[in-house]
Amino acid sequence: MNVAYDLFAETNPAFGTFGLVGFCRKYEAASGRSPELALVYLALPLALSDDLETSFQETAATTGLLSWLNRYPDVRLDLGARLDASKDIVSAAVRFGLGTRVLSLGTDGTIRLGARRPSAAPLADLPENPKRAVKRAERLGTWMGKAGSAGTIFSAFGVTP
């Protein structure tokens, strides 16, 4: 592998933005609308969690969010601590995405793809761990896009937004 990889790569705001773009693309494709901003504070920490990789490998985009949570109830364990620990990382990724105009905020509290659309091609050039993280973000985008409202999604995780 000729690309250096370490934990910093996944906490880099640009990398987080790349994950958010994948999440938003898939969410919008699945639901026909943009996700509420609050959902990225749930989706990105889960996507960046390598310890959940097995649960994603054993599912497909058609599995669905509720089926995934029923098969892997441990996802909910320590979720509050995981979300608290990652809020600065998610906020930095959102700010970077907004600053580069790759993401934009809707007046209705949604986050969407911005005026500058990044290519999905760099994904193929990433090392395996970050590539899997982006794919997990995309999978969560599909699942959450089909799951209903943000309230329904947070309720499924046992989290109050």
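Let me begin with a definition: a residue is called buried under 20% relative accessible area, exposed over 50%, and partly exposed in between, using a 1.4 Å probe and protein chains only. What we have here is a predicted model, in which local features need pLDDT of at least 70 and side-chain atom pairs count only at pLDDT 80 or more, while totals for chains, interfaces and linings use all residues. Residues are numbered from 1 along each chain as its sequence is written, and side-chain values use heavy atoms, with hydrogens and water left out.

My topic is salt bridges, meaning a side-chain nitrogen of Lys or Arg within 4 Å of a carboxyl oxygen of Asp or Glu. Searching the whole structure gives 6 of them.

I start with D51 and R82, whose side chains form a salt bridge at 3.1 Å, N to O. This pair links distant parts of the chain, 31 residues apart, with D51 in the loop between α3 (37-47) and α4 (53-57) and R82 in helix α6 (residues 79-99); helices here are DSSP runs of H or I, at least four residues long, numbered from the N terminus. D51 is exposed at 56% relative accessibility, whereas R82 is buried at 19%.

Next come R136 and E53, which meet at 2.4 Å, N to O. Because R136 lies in helix α7 (residues 128-147) and E53 in helix α4, the pair ties together parts that are 83 residues apart in sequence. R136 is buried at 2%, and E53 is buried at 14%. Both residues belong to a network of salt bridges that links D50, E53, R132 and R136.

Finally, R112 pairs with D108, their closest N and O atoms being 3.7 Å apart; R112 is partly exposed at 29%, and D108 is exposed at 52%.

Key
Helix = DSSP H or I, 4+ residues; strand = E, 2+ residues; numbered from the N terminus.
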